[in-house]
Each structure stands twice: as structure tokens, then as C-alpha cells.
Amino acid sequence: AAKAVSGVQSGTVVDDGVQRPWKLSDARLVLEDGSVWKAKSFGASGTQVGEVVFNTSLTGYQEILTDPSYAGQFVLMTNPHIGNTGVNPDDEESNRCFLAGLIIRNLSICTSNWRCTETLEEYLMKRNIMGIYDVDTRAITRRLREDGSLIGVLSTDQSRTDDELLEMAKNWKIVGVDLISGVTCDAPYEWSDKTDSEWEFKKGQSTESFHVVAYDFGIKHNILRRLTSYGCKITVVPANWPASEVLNLKPDGVFFSNGPGDPAAVPYAVKTVQEIIGKVPVFGICMGHQLIGQALGGKTFKMKFGHHGGNHPVCDLRSGRVDISAQNHNYAVDPESLPEGVKVTHINLNDNSCAGLQYPKMKLLSLQYHPESSPGPHDSDLAFGEFIEMMKNNRL
Amino acid sequence: ASASAKDGVTVRRFPAAPTEGGRLAGVRKIMILGAGPIVIGQACEFDYSGTQACKALAEEGYEVVLVNSNPATIMTDPDLAHRTYIGPMTPPLVERIIAAERPDALLPTMGGQTALNLAVSLADSGALDRLGVRLIGASLPAIRAAEDRQLFKQAMDRIGLKTPPSGIGTTLEECISIAEDIGEFPLIVRPAFTLGGTGGGIAYNRAEFEDICRAGLAASHTQQVLVEKSLLGWKEYELEVMRDMADNVVIICSIENIDPMGVHTGDSITVAPAQTLTDKEYQRLRDYSVAIIREIGVECGGSNVQFAVNPADGEVMVIEMNPRVSRSSALASKATGFPIAKMAAKLSVGYTLDQIPNDITKKTPASFEPSIDYVVTKIPRFAFEKFPGSEPVLTTQMKSVGEAMALGRTFQESFQKAVRSLETGFAGWGCAPIKELDWDWEKLKYSLRVPNPDRIHAIYAAFKKGMRIQDIHEISFIDKWFLTELKELVDVEQFLISRGLDQLSKDDFYQVKRRGFSDTQIAFATSSSETDVRLRRLALEVAPTYKRVDTCAAEFEANTPYMYSSYEYECESVPTNKKKVLILGGGPNRIGQGIEFDYCCCHASFALREAGYETIMMNSNPETVSTDYDTSDRLYFEPLTVEDVTNVIDLERPDGIIVQFGGQTPLKLALPIQQYLEDKKLVSASGTGLVKIWGTSPDSIDAAEDRKRFNAILEELGIEQPKGGIARSESDALSIASEVGYPVVVRPSYVLGGRAMEIVYNDEKLIKYLATAVQVDPERPVLVDKYLIDAIEIDVDALADSVGNVVIGGIMEHIEQAGIHSGDSACSLPTRTVSAKCLDIIRSWTTKLAKRLNVCGLMNCQYAITTSGEVFLLEANPRASRTVPFVSKAIGHPLAKYASLVMSGVTLPELGYTQEVVPKHVSVKEAVLPFEKFQGCDILLGPEMRSTGEVMGIDYEFSGAFAKAQIAAGQKLPLNGTVFLSLNDLTKRHLAEIGRGFRELGFNIIATSGTAKVLQLEGIPVEPVLKIHEGRPNARDMLKNGQIQVMVITSSGDALDSKDGLQLRRLALAYKVPIITTVDGARATIDAIKSLKNKSIETLALQDYFQTTDASQNLQAAQSAS
């Protein structure tokens, strides 16, 4: 029941009878630790609850807004200036915004970019997403760093007291909730778009073609584009699509996508993965990686505040090479819990957490982070090539 | 490998000692090349990088040999390298040092273009191979591929990247044919292998094109210029890239230039991170940068890549890359907290990025890309006013002499802070009167269209006059994002104007302060005073918070207190209750206030830290060592204004504040701070007393600067000074002049550093000076003093403690006569022609004066000794002077360290420094001047300082030391050939002596008619030559034909001279023929040539001249005593 209100874009705002070149605070963020943050709203108004996470990417707010993995979360961008380049049709990572809201320090008062077609504020308003600005985002980030991710309530509703909002925050749960069913596609579809030639950075053309079935747990378009650029023809299937039907298609490989929330909350997906691995080459990213971990009998756990950013160093333990990677996850696989034979191939150098797995016996690869980037650096793009190699070798 | 990741963060273990990674096989001893003197385009950022490199490699257990001619640097402190060579950096001399030291490796990427060019020469000549030295950090092919325009373009072609259509010319004819191929003006001309784009520029027509090409070909190390299509109106971006030997590559920082293409990046206002790129566009630049550093083959270390982006369609062109640390990398280091030079040094000995901990978080590795949660703005500072005749226009050739950087949570905040950090009379952007010039539409449009130092203020005027964002964008090509942000500041100003100060609510105050407005600006807009604004603001509890720079946008805990202010919710400063001292830095570099003062600030921090104080540095200059977060315990990167300093004082409540080391900047703050402290009576955080300014009291500083008070003191002490007076009108000035007799030195009383100072010889010139150069009225009096002809000038640095002990640090004799600004004059320590009697007078007066002024710390005095042996005091400054680093290195005692300890209460006897040290060796300082960069201005030395830097030569004889200093300063002293003499009437009586001197050295003499006649009368063989206006062949032709090897010209200053003479002097500069403009300079040059002819130059390390252990032991003893 959110309604659109005018934010900063309208220029001079009249409050309490005085013309000011800024608007007065009209929103609150109440965190479960009891702190109340006064802010200014943009986009939709209303009251919304979610888990607050911070993202340290300097660019790519539009990709983040449309990344289904943020379902149920408020994304706080640590870069203070957001909205500078507006929004454009090419930088969408899905057809919707699934996140609960956007928390920023400063909303750009104009846009400047040759691809821009809309301001961020108009865009969020149309998509009914709440945003707040003019809040000490660094102070909140430090809190999240110290205390871990926090549940928060965002409200423009002046009639509700801080305590009511705090109560809402305390009663809301994200652990153990199946968020995937809310973001996955309704029915299978084919995907054939490559990365646009303007943005393609990979050298050389793929000659061989592979049929890949991709499970959509909240899949980002750029994963599909990268796979297609590497020569894949993709059938995207919903999260609950039976493994048997997938195997009947006799695909060259199966891909398990990224997605929101707790991997332990989707036992059906773990079961699907279990039914597929070992039979065809598989590749998993993020949620896909965590589901593979669980399917192999391993455990996942919730991290303190997760990894959300575009600057994480990941070491490929097989080569010693360090990639700068895009990351977005709150849960991780505990490598100690994995069976014999499963190799940890990648670790996040910031905290040595598991960032990639390989199980040659099962023809399986998975990465905790985002080789498809978007947003983020392209260093790990070759991971898609590895998947292709695996499918190629499986054909021989 | 991943034991307990469950808590989110596990502590990583990094190798404490060199591992195999940090060990280059067979390398034990590494030579580092410094950047030499401060010149435009190469300033103290290379002291910052070189110092980091020395420290990093020494820490790794390598023996470090340093070569740098610049004595004002921290890196040339004798304890930073094992062997320190302060002297000329020519390939043959450095080869000699290599032969003596036999280093295993040479690191050439820390000393800017100077070091890179030197390394290339040493490699080309085979010296490195012969002596078995390997280049580390960048290989020869990589340096070539990056620096040679043609090779660079080819490399870009190979990896499919676009570069602007262009061609390389090695002759004027080739350049013209390239221009015809490209087909349209404007064209950009860039010489290869020069720093700061010397000799380059933008040509809008054929005639201009030919001029620039000619200058560029002459300036290029390789006689190559690149002629390329101008990308006028495209946006400019830079990325700082690092690569290790395992081929891991990271981007440290992206920088967006507010000034579009066409302005040298050093002269551009720049912002980090980039603000107007989407992720796709940024990642494309990132991919390109990675591909470029790989293709060029920079095997490890930092590089800087510059791109142009077409704002209409995103098309990208690669402009250039620097395969070394640079001014931009220093900026990026300060902007992000990632120490590029330090890391580059470690990578050069084989570490990989993931083996090195992030300096700030300590727990995460350096193999990451900093994320920042603030905006950084850098604004250059210019000095066009010092170079009359040159046009204040910004092009692809760098002309700025310094820069200020500021951090804020938003662009508006950081931009406003940067503007006020510049110290150019603006308290921020806007809220100021509009310049008269900008009321004229046409002139205003010109200022918007043609890049110039005041363009940002023209934008303000344009908004105030109602110009729209779109119109300004179309004229200036400045991105609308920045213009819109600025427009909002004008709207806020309008809001302030419409409200009274007492009508502003707490929230209003926050909103305004969050946009970077200073109290002074708010006072202007609300017609109140700065104090009123401050009181009102504090009454509403609106005070700044301090955020930390941590490389990671708060993701991890930062151990390093590197802070900036912002008006936010949470303050992260967490001040301690330790005994602590706040050191105020010097702000942006400018002519007259540069690295020397930063050196003093750093030394204060080092000494007091060692003595147990927590040291807090406050400065706004990103190029310096003082703003390295490693230098002090805490760093506030803030503008140096009363508001910003008192904010930090309120928060930190230090025991002491040091204002006498940062030059004029903190001195000007001394009185208001003193006032503030007296009013507030702040108790220091340590609880041991009140917060106070340490050292000489602001009142004493004022007594030395206030002409009236100072005169009374000198009279009381019986110290002589040249006759003169204060003129409040033209008639005053004329009557003083007639009383003391011409020539007189005139200068405005309200400016310092020799600004607008002139020597005039008659009434007519005096009237002209008063009419054109300065305003004279009762508010702005002009000082008129007797000019002492042919007097010798003496500089004295002295040290006094709080109980009245005074010890002379050094007495320096200037080479050039009194009247040439001391900063532009060469000098010798010890003195060489001054009688013992005069020296005694100088010592006694200096001591008396220091006692009378209650100096505690450093004092600098300047004296003149006339030909008849009379001594006069010219000036006394109770503060650190420009010569402190030079003197410290010459005598082997760190005077600034002593001074800071003295200010903390230690006495000179406790320090063990009780006697003037007169060394057996001779040290000569020579100034380096930037005339090449300022087309059209004259190169004569005068009372106004114009040098940007200095070099030092040390030898056991004066002539040898002078020769070394000359060579180090870039003078190519000829050993034979022809000297051109042209002396004015005032100096003709020295002609015979100079003529004979050159004859004895075997030189032929040519001279213009007047000079030739005198020589002939003296029986000195001379060949007369025509002046330019007299016909041909004339002196100009001979210069161009290479028939003149050295010139001695003393200017008559008449109309003909300022045309013909100027032309000849500029030409000599262009052809790099040494030109001497003073009699004393000529004498010293003759001595130096004689010395060079008689014996080869000896290269000795600084450590060889001293038993340095004595001094440092004394210091340690004193520090533990305090």
C-alpha cells in the first residue's frame, strides 16, 4: 500500500512555511538494536521490514537493485553518492526489484550519463520500492560490522511509534525462510541473449555449443548472458522443477543459480541438486554453491554480516592466482563438514572462508561469489570457461 | 586453509620476515633514485614515495643506497638509507656512485620522470650491464613501451584499444605533415620523455602549432613529439593500477577530472572515486587498465592510466600510462589509505599482493581494491602572478605549483573544503564577492570557455548572474553532474541570504554544514561575523564529527587514525588522554612555501613521537610526507583555517600546538588560535595543564613582523638596519626615497615572501611602481628601504631554548648579491668571503635578538654586509625557515628535531647542542627556477621569489661544491668554447675581472658594443657582436648556431632590454645554454669551471662527511631525558 511522494528531484521544497533547497526528514529506520535513524524518503512510501546489509561496491546500484538475491533485504550502499547515472534498460539483472529497500547517504539531484533514461527516484517509485537518504550510512555500517546483520523497519508513516516499529523488527525472521519461491520464474523458458557486443570483453568466439539447464533460484541475467557468450543454449527452469524432467532433456550440463536467503530453508532444492549431481556436469554460483555444499552432506552457516561488495580477493588455490571478485552472500559452506574428495578450490582472502568447490568425481564446480560480476570486476569470468571445459570433456 | 570462518573474519597470518616471496635471488643492496629538485610537474609527492620505498626496503633487510640532489627531502635524511648521495644526478656521476657502491639492483620507479630517464640512460650506455645491476620495478622494454609514444600506440593497437589519431614527429616538417594528415585543428602537441608535459600544448592554428612543435622538440629527451587530434570536451578519467610478479592486478582508485580533456591532469580539479560512470563503463576502463599494464609489461608496481571518454556515446580512448608511481598515485594513496609506493617497493623485491597485509586493517591482505565511502577533491594551486608576461591559461603542459586535497562525505562538502584548503582567499566556493572582471558577460564567457585557474569562480559568477547549467556546460564542457551540484550550493547561499543567522534551525545548520559551507561563508551570507556563526552553531550543538579513512568503507576495523571532518551522526575520532602535540602543516605547496616546511613538520613529529608524545598532524597537502598516515600517531586531513583548526583543538585538547614549522600558513593562524585559547582556557586531555601554543609566543612573532615594534626593538639592542620608512602615500614614498637615496627596495607591508618587491633606481620608476604594482594608501602602507648595492647577503638559522640559550645553526653566504630573494639565491655554508669581525657581529646580534624576542625554537635572520664591511639586519623571522633542511644536512644536526624538543621544554645543553658547528666541508645550495613553463616571462632574478626547488652540492672545496650544485640544478657548465658577455652600467666595473676569468679558462669572448669597448680598453681580446635590433648576424643567430656556450647578462632594465634582452634570454633558455644574470654568479661559475677542468668530481655519501652517530646519540639521550 505504498504511494509515491515527491523527493529531492522536485527542486525547492516548502516545509513549515520556509523555502529550503532540501526537504525535511520524513522517514525513520528503526533497527532491532533499538536505534532510530531519521532520514528522508524517496521512491515509495509506507512501512517495510527487512534485513539490513551493506554493500561496498562503488558502482552498479541498478544491478544491485535488480539482483533477486537481495529479496527481503535493505541494501545500504556505502558509496555516499547514489543515482548519479540514473537508470537505463541495459543494466537490469532481472525484471523486478526484489529488495526491501535502499538506504543511501546522498541521492543525486541530477543524472549524468549517455545511457540514462530515467532517474533513480522515478524508477523506484514505479517499482514501489522504498528508499531513504541523508542518514549516516557509515555509522550504520559500523554497527552491522560489530553486531552482524540487523533487522530493520523503514517507515514514512508518522502515526506509528518507534516502539511499534521496533516490535515489528523484532518479530520478523529471515533465517529459515524460503525466499526463493518468491523470486523464481513461473515456467521454463529459453535464453539466447549474449553479452551485448558493446560490452563483450572476452577474446575469441566459442565454436562448440552446449545445452545447459539453469535452475532459477533468483538468477541474474548476466549469468545467462555470460553462459550464452561462452556458447551455451540455456533452458531456464523454476526452482521446484523436478530433477527427472531436467535429466530427461539430456543437457550437457546443469547450472544452479544464485538466490536469496537461507539455503537450509529450501530442502526441496537440496534434494533436486542431490538427484542431479554425478549424472551431468554441474556448476553452481552463490546459493547454487551452498545448495551443492548441502547436497554433498556439508553444512552451511550464517555469517556475521556476510560479503557484499565488488572488491573481495579470492585465491584460486590450484594456481595461487588472486582474483578481485563481486560477492553477495550471508551464508557460507563450512568446508570441514564436506566429505572426503571434495576440494576447496577457492578461498576468500579477507577471512579465509570457502569461496569455491570442486569434486572431479561428481563433475562438479561451484563458486560462492559472482564470476558473472555485474556489478563487479571481470577477473573470474574464466570460471564459465571451466564449466564449458568440463562439459566438453564429458562429451568425449 | 579455512579453519574458523564462522565468526566472519579470521585473522590471517602474514610473514613477519622476508619470505622467499620477499627475496630476490642474489639481491642484497638496492639503489633508489630520487626525483631531484622540486620542479613544476614533479614535487614532493616523490619524497613521499621515495621515503616509503626506503623505509619498506630497509625494513625488509636490504641495504639501501639513495641518490637524490634535493636536500629538502625526508628521504635524504641520513638515517633513512644506508648510503645517501646528495648531489648531481647525471648518468656519468650516478654510474660512478654505482661503481663505488656496487648495488645489486636499481629501483627507478620512485623518483618520477627524473629517475626513469636516468635509468634509461644508464641502461642504454651499458653501465647497468657492465656493473651487474638489474632494474627492478620496471624493465627497460616496459619503460620504453610506455614512454615512447609510437611504441605505446602500437601496443594499444595490439590489444585492440583506441588512441587518438596522431603521429610522431622528430622534425618540424614531419609534424606539419602529420597535422595535414589529421586534417583539423585544434591539435595537441606532446613531447616524449618530459615531465609535466614540458613543451607541450594545444594549437588552434598553424602558426601556434609550429611554435609549440619547436619548443616540444627541444624539450623532449628523445627529440620526439606526438601530434594528436584534440578530444576537446571529452571527459577524462584516471585509474591507478598495481601488478605483482604473479600477475595479480588490482585497481587502487578511479579519478574523474572535473576539467574535461585539454587540461593537464596535474592542473585539473579531480574527484575520486569517479562519479558519472555506470558499472559497465567503469569495468570496461578497469579491463583496459589491466590489459594495458600487462601489454606494456610493467612486471610489478604501480602505474597510472589515463582515459578520455566521449560523453555522448561512451567511446573510450587511451591517452597515456606512466609505468611508475606518480603524482596521481600519491593522491590515490592519500585518497584511499592504500600506500601505493610502499606496496610497489615490496612488490619490486618479489612479494605478491596477497603476501602483504593491508596497512590499515592489518588483518586483510593488500590484494584487494579499496572501497571508499567519501568523496575526495583535489584542486591545484597556481602562481601565474609571479611570472608577468605569461598567460594564466591551462593547457596540456602542467603549470600548477601545488595542490590541496579535501575529503568529505559528499562532493559538495569535499569540494568546498578543498577550495578553502587552497588558501587563496576563499573560505569555500561562493558566498563571496564576485570579481569585478566577471561582471562583464563576454569576459565571463571567456573565463568559462578557456581553462584558467579562476574558472571555478567564474562558474559561481555565472550562476549568480543567472546563467543556466546547460549554458555553462555548453561553454565549458564541464559535466552537468558537477555543475548541478554547484548550482545547489548557490541555492543554499540564496537560502542563507534570505534568512538571518538566528532564524537558522539546528537542522538548517546541519544541512548547510553538510554541504561544506564554512562559518566564514555563512557569516558572509547572513551578514554576521565568523565568531557569531561559530557561537550560534555550537549553541545549537552542531559540531563536526570525524570519520576514518580505512580503505574498506568500514567493512573492517581500521587501526590507523587517519581522519577527516564531516557533519554526521557518529564521530570515530576517539581521542586519547595521552600527552600529545598538534602540529600544523603548511597546506598546499606554493612558491616560497613548500617541501622545506613539510620536512620540519615531519621532523617535529618524529622527534616528539620518539620523546613519548602522541603526535597529531593536520594538513591539507596530499603530496607530502606529513600527510602519510605513518608519519604521526594521528592524522587530520583538513583545511588549515581557524575554524577547522579550533574544531580539532576542541576535540583533541593537545598539550601543545606547533605553529612555527609549517611556514606562513600556521603562523597566520597563531594569533587567532592564541586568542581562542586565552578565551576558552581549555584543559589539555592529559590533564597536565592548559592547551597552549608551544615555542615562541605569537606576540613575539608579531613583534618581529610589525615594522614599528620591530624598529623599536632593534634600536634598543643597537642593531643596524638599512635606512627606510613606511609610506602611506606617493609623496611619503618619494620623500623617504630622497632621504635615504636611490636605489631603494619597495614592497607592500601586507604580503610576504617577496611578493611584488622591487628595486627602483629613480623617482620615475618609483611612481610607476606605486601606480601599477601595488596599492598605496593608509590601510596598505608600502615599505621603502635603502638598497645596499653589491652587498653580500647572509642567512642565519639559529636555535633558542626556553631558558635563553641560543646556538647558531648555520651561517650561509649568498652567492648572488643582496636584493635577489634568498630563496632564489645560491648560498654556501660555511661562508667564504666574510671577515671574522662581521661574523662576530652577526652572531652577537642574532643571539641578542633571539633573547630579546624570547624565541623558543628556530629563528632565521637575514643580513647584508656592504662592500665597506658594514653589517645590516634585513629581516628576522622567529620560525623555521626554508634553509633548515639544507643547514641540517650540511652540519649533520637535525635542527627541526632539536627545535621541537626545545619547544617541549628540553634545553639545548640537555640536547648536547651548545655550539655552532662549522663543518670542514662546504655545502652549496642552488635554486631551480621554472621559467621554461611560463612562456613570455623574463628570467632575471629579483627580490620576488620564483624558484620551485633546490639542490645541494657538497665538497671539501667551495668551487667543487658549487660545480656540483650547478650540475645538479641542470646547468650544463661548458669547459671551453665561447662566452657571451653583456653587462649593464651598474655592473660594468666588474667586467674586466669576469672577462679575464673566462679568458684564463680558455674561453673566447663575444660581447655587444658597449661591453666589448670596455673589454678592449682593458686589453682583453673580444669579438664584438650585434644586438638583435642592430642587424644580422647578431647574438641570436650565434646562439641558434651553437656558437655560444655560456652567457653572462646583467640587465639594464630599460625598454630595449625588456624587448631585445628578454628575447635573447628566453632563447638561451630554449636552447639550454647556461645563462648567468649576476656578477657574483659569474664569479662562482668561473671558479666552478676551473674546478671541473682541474679535477674530476668526487662522489661521496653524506654519511662519509660525518660521524653521524654522535648527533643521533645526543638526540636519543635528550629524548629519553625529556
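# Questions about a two-chain model

Student: Leaving aside neighbours within four places in sequence, which residues is T526(B) in contact with?
Tutor: Good place to start, and keep in mind that this is a predicted model. T526(B) belongs to the loop between α18 (519-525) and α19 of chain B. Once neighbours within four places in sequence are set aside, the residues in contact with T526(B) are L496(B), R499(B), G500(B) and L501(B).

Student: Is T526(B) buried or exposed?
Tutor: Start from its relative accessibility, which is 10%. A residue under 20% is classed as buried. Because its value is 10%, T526(B) counts as buried.

Student: What separation do the C-alpha atoms of T526(B) and G741(B) have?
Tutor: Along the chain, T526(B) and G741(B) are 215 residues apart.

Student: Where is S881(B), and what separates its C-alpha atom from that of E596(B)?
Tutor: S881(B) has its place in the loop between β32 (871-877) and α28 (884-891) of chain B. S881(B) and E596(B) are 285 residues apart along the chain. Even with that gap in sequence, the separation of their C-alpha atoms is 7.8 Å.

Student: With which side chains does the side chain of S881(B) make a polar contact?
Tutor: Leaving aside neighbours within four places in sequence, S881(B) is in contact with F597(B), D797(B) and N860(B). One of these, N860(B), is joined to S881(B) by a side-chain polar contact of 3.5 Å. Another side-chain polar contact, at 2.8 Å, links S881(B) with T883(B). The names you want are therefore N860(B) and T883(B), and S881(B) itself has a relative accessible area of 5%, which makes it buried.

Student: Which backbone nitrogen does the side chain of T1011(B) reach?
Tutor: T1011(B) sits in helix α33 (residues 1009-1017) of chain B, and with 2% relative accessibility it is buried. Beyond four places in sequence, it touches L981(B), S982(B), L983(B), K988(B) and L991(B). At 3.2 Å, its side chain reaches the backbone nitrogen of L983(B).

Student: What kind of peptide bond joins A272(B) and P273(B), and what is omega there?
Tutor: Most peptide bonds are trans. P273(B) is in the loop between β12 (270-272) and α9 (279-296) of chain B. The bond joining A272(B) to P273(B) is cis, with omega about -10°.

Student: And what is omega for the cis bond that joins L829(B) and P830(B)?
Tutor: P830(B) is found in the loop between β30 (827-829) and α27 (836-852) of chain B. For the cis bond between L829(B) and P830(B), omega is about 0°.

Student: E541(B) and T551(B) have a positive phi; which of them is buried and which is exposed?
Tutor: Most residues other than glycine have a negative phi. E541(B), with phi about 60°, is in the loop between α19 (530-539) and β17 (545-548), while T551(B), with phi about 70°, is in the loop between β17 and β18 (562-566). Relative accessibility settles the question: the value for T551(B) is 0%, so T551(B) is buried. At 60%, the exposed residue is E541(B).

Student: What area is buried between chain A and chain B?
Tutor: The size of an interface is often given as the accessible area lost when the parts come together. Here 68 residues of chain A are in contact with 79 residues of chain B. Carbon and sulfur atoms give 50% of the buried area, which is about 6500 Å².

Student: Which element gives the most to the side of chain A that touches chain B?
Tutor: Across this interface, 35 residue pairs are in polar contact. Elements of chain A that give two or more residues to that side include β2 (18-20), α3 (137-147) and β17 (299-316). With seven residues, the one that gives the most is β17(A).

Definitions and conventions. Residues are numbered from 1 along each chain as its sequence is written. Chains are lettered from A and ligands numbered from 1 in the order in which they are written. This is a predicted model: local features need pLDDT of at least 70, side-chain atom pairs count only at pLDDT 80 or more; totals for chains, interfaces and linings use all residues. Side-chain values use heavy atoms; hydrogens and water are left out. Contact means heavy atoms within 4.5 Å. Buried area is the accessible area (1.4 Å probe) that two parts lose on being put together, summed over both. A polar contact is a pair of N or O atoms within 3.5 Å; within protein, one must be able to donate a hydrogen and the other to accept it, and residues adjacent in sequence count only if both atoms are side-chain atoms. Helices (H or I, at least four residues) and strands (E, at least two) are DSSP runs, numbered from the N terminus. Buried means under 20% relative accessible area, exposed over 50%, partly exposed in between (1.4 Å probe, protein chains only).
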